[in-house]
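Trainee: I have a new structure to look at and would like to learn how to read it. Could we go through it together, one feature at a time?

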Amino acid sequence: MVQFGVSILKKIIFLLLIATVLFSSDLKTEQKIYKLIIHALLPNKKDIKVWSDTKSKENLLRGIDDIVYVSSPTKANFVLLSKDKKTNKDVIKFVTNIQLLEAQQNNVVGGFFWQKGRPNILFLRRNLKEHNITLPESMQEYIEDEI
Amino acid sequence: MRHLNKLYFSIFVSIIIAIAYLFFSTSNIQMTLNKNVEEIFINGAKSFAQNISEDIKSHIKEDPFKELKNHKNLQKNLEQTLSVIVNETYKYIFVLYRDNHGNYRYILDGSKDKAHFNQRLSVNKELWDKVYNTQKAVIVNQKKLDHLWITYLHPVIFNGKTKAVVAIDFSAKLPKNICQAISPLNKIFIYIFIAIGFLVSILIYQTFISMKIKKESITDQLTNAYNRNYLRDLLQSIDISKYQIMMLDIDYFKQVNDNYGHKAGDYILSRTAKLIKNEIRENDILVRFGGEEFLIFIKKASSRSKLAYDIAQRIRKRIESHHFLYEQDTLHITVSIGISCQPEHFKTISESIKYADEMLYIAKRKGRNQVVSHIIDTKTTNLNNKKSINDVKSALEDNRIICFYQAIHDLKTNKIIKYEALVRIKEKDESITPPMMFLESIMYTNVYNDLTKTVLENVFKQIQKQHIQISVNLNFSDILDNKIFMLIIEELKQHKELSSWLIIELLEYELLEEISTIQERLKEIKSYGVKIAIDDFGSGYSNYEIFKILPIDILKIDGSLIKDIDTSLISYKIVHSISVLAKELGIKTVAEFVHSKNVLETVRTLNIDEVQGFYLAKPLPKI
């Protein structure tokens, strides 16, 4: 009976640890990065409304405290895309992988993706200009003229 | 049992140490294994990186970026070479160059998810710059990246200048696999530590419960003092030479119970115990001995210390001055305390406790609210060669308590009509010890009670034998004492048919207290036919009130008045007045200390009934 209890307890502790590692460490790191990116792209916006085309990124965005997640891309002023999807041209678009960034390089302001196990941020100068966005000094090094 | 516990404890500690040693050894093995594996792969990476660097240098003359940008085939060929090295461990192999802005960009990529030529990669610039600047290889432990373990960075140098860096990323799978391989062992340790933790928790809990039960079993719930269970253990382990023993009793406690109820009694007991605790020190031991009696072991500072006496007085005064508030009433309580200052002089601790009890008994007899302590224990004979308690005890045990009998004559008939029994100790060398040598030391003790019983038994034997009146000497305090009184009644009951021959001479030198009790008890004694005589009347605290309050049959006029009656007019007149008064009250008179013919003749003229003295008869061992 005692061994059974210990086993259950151990499993619970293990699951908690896994959950903590998976969902708090990476997720929080990514959340922090997206928070920085969004605020850098929309520095003067008080009510930032965001939208994503994937559930995982939706959850990620919902976890950022000072932005509002909206149900439709038309209501958003920041859209995070993981798929090749057409959206309103005026909205600020950001992608989550390099392939999409290449495909949408005329529409999106940049992307955040993992390459060789490393986090990579990339902003496209031309598209930033189109949206009249001036990034803070700390983000300047991530601006590229082309991919 | 203690040795067994020590053994169990040693075994338990040894097991813990062994497990801890195994755990740390295993951890060490794991670390060494990791380190060795790491070294093997780093050496492998080093040689691959060197080969790649040499290969690039063999195909490119000066500037890898420019030349590879323009020679796509060369780029393709070199990337193919890199991709051959890629495996489960060497996950990514690529070559970056540093642009004019200090950013690192691909020139070659042998990995599966291939990047574009000149595509930027975010890297730890500080480390990469280090490779560029120092032209030496750098090994980076990728602790912050989940999927990478190590990155090996190797400079590609052209003409003494670093033009690119070869990077080999190690997959994090390998150390994870090693961890997984060893994890069953670690799991075993986790289970063992959980089991030990569980066992230790149970042990701690059981120890706590056991201590709690033990404490409850040795503590009196009402007073929070130790109880007799504790005392029993204490007596076996205590070094009594380091303590003085104090026996404390709450005076008239029965009256509190009778008048205010048992709850009030309980309240008094608990409050009194608290007051005592406040007056004693931490290393003193308070035991509820039973009822309203407390036993206190006072840790003494020196062998002749009066510490216990001082503490006892402090306790007595504190309790005397305390207002015990019970419901609407304020009660005032006093305590009597007996002390055994040198308990180590007794054969057993029980004897020294008994001695403290005897001192308490004296304190009670002296009027209560007192502290009685004999610094020089009666165990040893004092300077005047007086007998000790033990001497008297020994005489009682050896049947060496005897009575001498002094004849009392009728003045009219000159015949012996009665005897006065006088207690003596017959020493082992046949010498005789008079009462003045031993009575004082046993007064108020149980030995005195035993002596009284023996004297009464001897006297009744003589009465049975001779059929003559015999008087014995007792104190008023003996009549007041429950034990002695019960003993007298018991003796009278046993010798009912002989009781009318017994005369009890009460020594008059004590102040009369608790008159009603004395009246009641003398009445009961007299109901057996016993005569009551007042001894040594005319000296000390002689009080004519006793004629009014006591059922006196005989008045024995004090020897100090008789011995010079033939020469002192005052003595003559006093004795004359006593005689007249006694005659008026119907009380018989006896003149003691008749030591000459002149005294006898003078007494005869005073209408005295009986005479006693050396002139007529000395005390003799037989009648």
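Trainee: How many residues lie between β7(B) and β8(B) in their hairpin, and which residue in the turn has a positive phi?

Mentor: Good place to begin, and keep in mind that this is a predicted model. The hairpin of β7(B) and β8(B) has two residues between its strands, and B:G291 in the turn has a positive phi of about 55°. The strands themselves, β7 (residues 285-290) and β8 (residues 293-299) of chain B, run antiparallel and are joined by five bridges. For one facing pair, look at B:V287, which stands opposite B:L295 in β8(B).

Trainee: Where does B:N399 lie, and is B:N399 buried or exposed?

Mentor: B:N399 belongs to the loop between α11 (389-397) and β13 (401-410) of chain B. B:N399 is another residue other than glycine with a positive phi, here near 60°. Its 10 C-beta neighbours inside 10 Å are why B:N399 counts as exposed.

Trainee: Now a helix, please. Which residues of α4 (residues 125-134) of chain B are buried?

Mentor: First the general idea: an α-helix has 3.6 residues a turn, so residues three or four places apart point the same way. In α4(B), the buried residues are B:W128, B:V131 and B:Y132. They cover an arc of only 100° around the axis, so they are on the same side of α4(B). The face turned away from that buried side carries the exposed residues B:E126, B:N133 and B:T134.

Trainee: What do the buried residues of α4(B) pack against?

Mentor: Their partners are strands of chain B: β1 (90-98), β2 (104-109), β3 (138-141), β4 (148-158) and β5 (161-171). Just after α4(B) comes B:Q135, with a positive phi of about 60°.

Trainee: How do I read a nonpolar core? Which residues touch the most other members of the largest one?

Mentor: In soluble globular proteins, nonpolar side chains tend to be buried together. Here the largest nonpolar core has 107 residues, and those touching the most other members are B:M246, B:I337, B:I339, B:V459, B:I470, B:I504 and B:V603. Domain 2 (228-374) and domain 3 (389-611) of chain B each give this core at least three residues. A second, separate core has 38 residues, including B:A45, B:L82, B:Y104 and B:Y106.

Trainee: What does B:I470 touch?

Mentor: Leaving aside residues up to four places away in sequence, its contacts include B:Y405, B:V459, B:I463, B:W501 and B:L502.

Trainee: What about chain A? How many helices and strands are there?

Mentor: Chain A has four helices and seven strands, and along the sequence they follow the pattern α-β-α-β-β-β-α-β-β-α-β. Of its 147 residues, 22% count as buried. Among contacts in chain A between residues at least 6 apart in sequence, 33% join residues at least 24 apart.

How values were computed
Residues numbered from 1 in each chain as written. Chains lettered and ligands numbered in written order. Predicted model: local features only at pLDDT ≥ 70, side-chain atom pairs only at ≥ 80, totals over all residues. Core = buried A, V, L, I, M, F, W, Y, C linked by C-beta atoms within 7 Å. Buried ≥ 20, exposed ≤ 12 C-beta atoms within 10 Å, placed from the backbone. Domains from an automatic or database assignment. Contact = placed C-beta atoms within 7 Å. Pairing = 2+ DSSP bridges. Arc of directions from axis to C-beta.
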